[in-house]
Amino acid sequence: MLSSSVYKNIFPIFHDEKFCGTGFCIYYDEKNTISYILTCYHVVYADGELLKDIKVYNKQLTHIASSEIYDMSIFSISLKIQPLKLSIDHSVTNTTLYSLQDISNNNHQIGQQVSSQILKDSIEAAYYCNDQAIPLIRLEITDKKAKIQPGNSGSPVLCQSTERVIAMANIKLDNVDKAEKAFAIDMAYLKKVWEGMPENLVVDSLENLKKDIRKPQKVIIDYFATRNVTPEKLLKSCKKYLDKTLLASLAKHKSIEEIVNHLKEDEKFICVVIDLYENDNAGMDSWIAEQEKTDCQSLEAKEETTKDPRLVIIFKHIEDYKYDVTFRTKNLPYKSDANDSKIYNLAKDKDTKKLKEQEVLTKKIMKLVDRYNPKVDLVLPKELMIKPINLWEVDFNESLSTLSRLTIRDYERYNSREDILRDILKPQWDEVVEKIDENQSLFCISKEEHVRSIGSNMREYGLAAKFLLEEKHIKPLLKTTMSYIMLWITRDYDEDLKKIYEKSPNELQNNYFALSNQPINLMWDDPYTYYNPDKPPQGE
């Protein structure tokens, strides 16, 4: 499964407000706040002429370079979009193509991850342009239920293990043997199309990189040096994964180089490296990708890392706009469970009028989301529950709710639901979920006066509000000891929400990102998923 940081940066391209193909960001110029987008030539050209009024996110694109021969077109847009990582790698077999399935408007789309395999047989795959044969990558779609659409031209084809783009889908055919085939153009041709392409934008294959990384410890030592990793910090990470005997032998070393050279043959060496790695170096990415998968469960971890990663963020009100924000993590790969707190002021800065500390907090959340894709609980006091915190901006047209599996919880309920009480609530919750699954709907409140009638119905239905709820409405609802799902809007909204209310509980939670930037909060009051450790581990 692709991480949210990948598929959320694949988007539809529109011509005259009609969906005509797919594009993705390949480079971001931070200095000038310009993103560069790649798509197929045939998506944006007709009869050799560049189409007019080509847009992404309702913004006009600026043409940079195109090639009919290689079926590639590059555009720029004055937006900050996270680029996907590109690679030339002919050793890849298992791939994923992200297929846009439902385009409802210029800002909202639903996609499907389509698994495929690169066919490497004797049949030469190519297409011809101006009497020149261009080799293609042949893909066989391995998902029996998956569908690829004509508008998928321009979709990235990603290596399943590294999540790097190795090709771009450009032709779709249905083979006579009913085995669906797709064709893609290799990323190696990008530099032939874009003369001004930034250096090292496309990383060479792992096979070639291995020639330069015959001594992987040098790559790691250099990386640690640039990140100011001290011997003390390295040894602290070693304590999480290595036994006492090996730790004792490391104590004699005084430098990073000595420690790394000592550990280079140890099977847990990869765990220590990943623990300190910040996911920001092509050489390190490649070295990590080529290692055999190792169980990097820390020595202190008590539960299997195969369980869902969790991130619980608890906001405790201090005064005015100040909140003590606690981060609790559980089951994050290569990480010990942690618990750390910091005070944030969520008011606007007097000079810049910007929400500076809120932006810092959001970046911290997204750093964990991008790397681990955890389920995220925001535990909020009532004054924050009515705020559209799920819409805190992460990037242009992206918010916490579009990039994470986000759930809102009530601070008071969260702190009271421990031990015996939680066990009592579990059967009630099972009944709620069963009823909603049967009816495929939530109990819907369409008018303010209907809030007062909520009572025994809470045992049978989840709750959805079609009007703007305020603290005076939410407060009495949350006082009940019953378990329920609550979905409500946090600002005026006039679109039909029926299709959202009719979803089953699992659809609501697992596909919450599909709500996009709609001003909707989801309270998923499942007592099975509360994470309130009896003895919280110390933060790092």
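Modeller: Start with one term: contact means heavy atoms within 4.5 Å. This is a predicted model, where local features need pLDDT of at least 70, side-chain atom pairs count only at pLDDT 80 or more, and totals for chains, interfaces and linings use all residues. Residues are numbered from 1 along each chain as its sequence is written, and side-chain values use heavy atoms, with hydrogens and water left out.

Colleague: Which residues does Leu38 contact, leaving aside neighbours within four places in sequence?

Modeller: Among them are Phe24, Met72, Met168, Met187 and Leu190.

Colleague: What makes a set of residues a nonpolar core?

Modeller: The members are buried Ala, Val, Leu, Ile, Met, Phe, Trp, Tyr and Cys residues, joined through side-chain atoms within 4.5 Å. In the largest core here there are 48 residues. Phe24, Leu38, Met72, Leu86 and Leu190 touch the most other members. Strand β9 (residues 72-77) gives this core its largest share, four residues. Strands are DSSP runs of E, at least two residues; helices are runs of H or I, at least four; both are numbered from the N terminus. A second, separate core has 37 residues, including Tyr323 and Val369.

Colleague: Why is Leu79 called buried?

Modeller: Buried means under 20% relative accessible area, exposed over 50%, partly exposed in between (1.4 Å probe, protein chains only). Leu79 has 5%, so Leu79 is buried. Leu79 is found in the loop between β9 and β10 (86-87).

Colleague: How do you know whether Leu276 is buried or exposed?

Modeller: Its relative accessible area is 12%, under the 20% limit, so Leu276 counts as buried. Leu276 lies in helix α9 (residues 269-276). Not counting residues up to four places away in sequence, Leu276 touches Tyr223, Phe224, Val229, Lys233, Leu234 and Ser237. Phe224 is 52 residues away along the chain, yet the two C-alpha atoms are separated by 8.5 Å.

Colleague: Why is α6 called oblique to α9?

Modeller: The axes of α6 (residues 231-241) and α9 cross at roughly 125° and come within 9 Å. Axes are lines fitted to C-alpha atoms, for helices over the stretch in contact, and angles run from 0 to 180 degrees between N-to-C directions. Under 35 degrees is roughly parallel, over 145 roughly antiparallel, 65 to 115 roughly perpendicular, and the rest oblique. The angle falls in the rest, so α6 is oblique to α9. Leu234 and Ser237 of α6 are among the residues making the contact, as are Val272 and Leu276 of α9.

Colleague: How many of the 540 residues are buried, as a percentage?

Modeller: Buried residues make up 50%.
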